[in-house]
Amino acid sequence: GIVLVAINPYEQLPIYEQDVIYAYSGQNMGDMDPHIFAVAEEAYKQMARDEKNQSIIVSGESGAGKTVSAKYAMRFFATVGGSASETNIEAKVLASSPIMEAIGNAKTTRNDNSSRFGKYIQIGFDKRYHIIGANMRTYLLEKSRVVFQAEDERNYHIFYQLCASASLPEFKDLGLSKYLYLHT
């Protein structure tokens with residue numbers, strides 16, 4: 001059907017390589033084993049056939065592999081859209097990831113680097129269905145984490161990174177010293 005249940009194996013498996021992308025490209029949903037590439041191919045085909053926007057919703061609990069699944073879908077689009085080697089769109093879209101993770105990720109009881117915000121990734125295609133760009137929007141899900149953390153959890157990484165770097169010479173230039181309270 002149209003719902004794919006994926007389980008994060010917490011290790012690299014040889015089921016996401018280039019040859020697997022090409023195996024799913026052009027196939028009908030259900031002709032092959034369930035896979036994120038089958039879902040991506042179906043959306044890609046419907047976009048081309050109906051000339052209408054498509055959406056893939058990736059949801060799940062903390063640590064389920066949502067971000068990784070989204071990366072695999074983008075890799076599929078970049079490959080079948082003819083832009084994997086030209087622009088490396090996957091890398092460009094996710095280039096801001098370390099900064100976004102520092103601001104929006106935190107340690108939870110299930111995951112040391114859990115994304116606490118949602119992502120909306122919009123990929124643009126030209127008339128030949130080649131990727132021409134992408135835009136990632138984020139929205140913070142847990143504002144309460146700023147002032148309260150459950151036992152064995154942490155605030156957003158950025159707060160700890162700021163505290164750790166407060167003694168560096170370049171920190172003064174940021175003008176954040178008056179906002180940072182260091183408890184000694």
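**Why these labels?**

Guide: Phe37 and Phe76 are both buried. This is a predicted model, in which local features need pLDDT of at least 70, side-chain atom pairs count only at pLDDT 80 or more, and totals for chains, interfaces and linings use all residues. Residues are numbered from 1 along each chain as its sequence is written, and side-chain values use heavy atoms, with hydrogens and water left out.

Visitor: Why does Phe37 count as buried?

Guide: Buried means under 20% relative accessible area, exposed over 50%, and partly exposed in between (1.4 Å probe, protein chains only). Phe37 has 0% relative accessibility, so Phe37 counts as buried.

Visitor: What makes Phe37 and Phe76 a stacked pair?

Guide: Rings of Phe, Tyr and Trp (its six-membered ring) pair if their centres lie within 6.5 Å; planes under 30 degrees apart count as stacked, over 60 as edge-to-face and the rest as tilted. For Phe37 and Phe76 the figures are 5.6 Å centre to centre and 25° between the planes.

Visitor: Why is the pair of Tyr16 and Phe37 called edge-to-face?

Guide: By this rule there are 7 aromatic pairs. The ring centres of Tyr16 and Phe37 are 6.1 Å apart and their planes stand at 90°, so this pair is edge-to-face.

Visitor: Why does Phe159 count as partly exposed?

Guide: Phe159 has 36% relative accessibility, so Phe159 counts as partly exposed.

Visitor: How do you know that Arg154 lies over the face of Tyr160?

Guide: A charge sits over a ring if NZ of Lys or CZ of Arg is within 6 Å of the ring centre and within 35 degrees of the ring normal. Arg154 is at 3.7 Å from the ring centre of Tyr160.
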